[in-house]
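These are my notebook entries on a structure that I consulted one topic at a time. Each entry records what I looked up and what I found.

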Amino acid sequence: MKTSFALACLVLFAPGLPASSSVIGGRISPDGKEEIACDLPGAEQLKNTGGLGPRGPGSGAGLCVFTSIEHCGRYQNEGTLIGLQKKMTNEPGGGYPDKVDAMLRKYAPKTNYIQYTGKDAALLTLAVKTSRMVGVTYGYSPRYGGPIAHMVNLVHLTDKWACILDNNFPGENSYEWMSPDEFDRRWVAGSPDKSGWAVILLNPPPPPAPHNSIKEKDMLHTMLCTLLLLPSAWETASCGLVSPDAAEKTDDYRWEWRQSDPGRYYLFKNGVQVGGYDIWFDYYRAYDARTQTWGPKEDKPPVVPPNKHTPIRSADRSAQAKTDADVQNYGVDYSEFPAGEACTINGRRTSKDRAKRLIEGKGDNLQDDSRKIRLTVFGSEAERDAVVLGLTLAQKDALSIQTYPRDHWIVSQRGFKVGVQPTIYLEAPDGTVLHRQEGWDGPESLAKVLERADPNYDPSKDPDLRKPKPQPTPTPDMTPAPTDPSCAAGCPAWALHVVNSFLTTITLITIYLLTHRSPPWTPPASFNSYP
């Protein structure tokens with residue numbers, strides 16, 4: 001109880017984080033008010049490894065860039081990216097924008113994506129707002145004890161909190177939370193000209209968790225937590241304030257390189273030496289500072305060493321002493337970055353105006369689709385294709401569409417109920433289920449469902465490209481007709497009298513009929529009960 005009260009006080013009186021700090025925790029923000037926008041299950045998260053090196057696959061430079069891209073693919077159901085990291089272990093490690101273009105052309109040619117290098121984080125904000133995970137450069141974290149060259153995944157970004165998934169520390173309780181300003185600093189920190197790099201997939205985001213309405217017990221639970229200012233079950237209840245783990249700072253690990261021993265890095269934990277890593281032979285040994293003894297050789301150190309897969313050559317020792325001792329590189333090559341701001345779509349440069357439209361969400365590729373109705377189809381590949389192919393172009397444009405096999409992780413994580421037959425969900429952007437059906441009975445039936453789900457849908461406005469464009473209606477000529485030359489002074493008086501009498505008669509007849517109507521017909525009582 002004392003711990004809970006202390007954490008509640010921490011949230012109430014110190015809801016923010018000081019500059020240059022971050023907190024390690026779970027899916028809920030340190031103040032207990034926000035949940036990560038892009039929630040990839042721990043079982044789907046990958047640990048960074050190396051590319052092709054002197055000792056074969058996995059022994060080269062780091063693959064943080066391609067590990068982050070595969071994370072995006074796993075989250076956004078881009079099947080062509082599943083297994084990208086494993087394929088890249090047979091390619092030289094390290095990453096930069098042009099290399100990403102080349103490798104995706106080779107291994108995932110159908111993937112649509114944006115790359116951005118620059119200082120404007122608006123594109124990142126838009127991506128996360130639309131529930132798209134972003135691969136971003138990362139130049140610092142207390143986890144490493146110094147500057148790093150690294151790519152991670154941005155999984156949350158609001159006015160108050162930013163959160164990243166670090167592929168050197170995968171796991172559902174290893175997210176790193178910080179303020180948005182602190183994230184902005186870390187995003188550009190590693191680049192010599194202080195420019196960040198972002199990779200965004202254009203594939204639609206996954207659907208929200210389905211629900212009907214807030215259950216009474218959930219409402220009562222939330223009210224109780226609010227009144228007591230206490231969390232219920234850490235990281236499980238909607239009003240949990242903060243995880244105990246999230247309130248504790250991580251250990252400060254730091255690697256140290258010594259010019260007198262260039263083939264090794266020495267690991268310090270909170271200022272005390274705890275181990276050493278041999279660069280040439282790729283092994284780690286723990287060190288007990290109290291007894292001054294070394295442990296046996298191990299394959300995996302507790303913290304990934306800097307430049308683990310890039311042994312130091314004797315000719316480069318002086319340069320390495322100035323760079324690698326300060327910057328720990330896990331797979332980002334800043335020397336290959338384009339000069340200045342750049343934005344590309346599938347490897348092709350865009351104009352600056354189009355790049356701005358993309359950043360603002362006004363372009364034709366990354367629009368703000370967070371308010372679109374979500375159509376999700378579960379079933380075999382053939383069943384899913386049948387549903388999607390039955391949609392019209394207008395329906396596809398109006399919907400955010402995702403299709404999954406029945407055993408996909410999103411079924412159990414988000415609570416979808418999937419039957420033996422193809423299962424179709426239609427959800428509002430907040431997850432409210434508008435329609436659910438098991439079985440596929442053709443596009444006509446689904447079209448009627450879509451029409452009922454969207455009250456603004458008007459089939460008459462659907463374009464039919466087979467028909468010719470309608471000709472514009474000519475503007476009527478409002479010029480008054482010329483006066484009869486036989487009556488230069490206008491119509492004769494007798495003609496005006498006839499017209500006036502006719503209109504008066506019609507008016508009197510109309511008034512009489514309106515004032516002498518029969519009372520409205522009342523149906524028999526038995527009709528009132530007719531279904």
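Entry 1, strand 18. I looked up strand 18 (residues 423–427) in this predicted model. I found 5 of the 5 residues buried, so the strand is largely enclosed by the rest of the structure. I then noted the directions of the side chains: Thr423, Tyr425 and Glu427 point one way, while Ile424 and Leu426 point the other way. Residues on both sides are buried.

Entry 2, the neighbours of strand 18. Which strands are joined to strand 18 by bridges? I found strand 16 (residues 373–378), which runs antiparallel to strand 18 and is joined to it by 5 bridges. In this pairing, Phe378 stands opposite Thr423. I also found strand 19 (residues 433–438), again antiparallel to strand 18 and joined to it by 5 bridges. Here Tyr425 has Arg436 of strand 19 as its bridge partner. I recorded that strand 18 and strand 19 form a hairpin, with 5 residues between them. In the turn, Gly431 has a positive phi of about 100°.

I looked up Asn270, where phi is near 55°, a positive value. Asn270 lies in the loop between strand 9 and strand 10. With a relative accessibility of 47%, Asn270 counts as partly exposed, because exposed requires over 50%. I next looked up Gln292, whose phi is also positive, near 55°. Gln292 is placed in the loop between strand 11 (283–288) and strand 12 (293–298). Its relative accessibility is 61%, so Gln292 counts as exposed.

Asp31 forms a salt bridge with Lys160, and their closest N and O atoms are 2.9 Å apart. This pair links distant parts of the chain, 129 residues apart. Asp31 sits in the loop between strand 1 (23–25) and helix 2 (64–75), and Lys160 in the loop between strand 4 (146–157) and strand 5 (162–165).

Lys106 and Glu91 meet through their side chains in a salt bridge of 2.5 Å, N to O. The two residues are 15 residues apart, and the pair links distant parts of the chain. I placed Lys106 in helix 4 (residues 97–107) and Glu91 in the loop between helix 3 (84–88) and helix 4. Glu91 is buried, with a relative accessible area of 12%.

Asp278 and Arg264 likewise meet in a salt bridge, at 3.5 Å, N to O. Asp278 lies in strand 10 (residues 272–278) and Arg264 in strand 9 (residues 261–269), so this pair ties together parts that are 14 residues apart in sequence. Asp278 counts as buried, at 5% relative accessibility, while Arg264 is partly exposed, with a relative accessible area of 34%.

Note on methods
Residues numbered from 1 in each chain as written. Predicted model: local features only at pLDDT ≥ 70, side-chain atom pairs only at ≥ 80, totals over all residues. Heavy atoms only, no water. Salt bridge = Lys/Arg side-chain N within 4 Å of Asp/Glu carboxyl O. Helix = DSSP H or I, 4+ residues; strand = E, 2+ residues; numbered from the N terminus. Buried < 20%, exposed > 50% of the residue type's maximum accessible area, 1.4 Å probe, protein only. Pairing = 2+ DSSP bridges.
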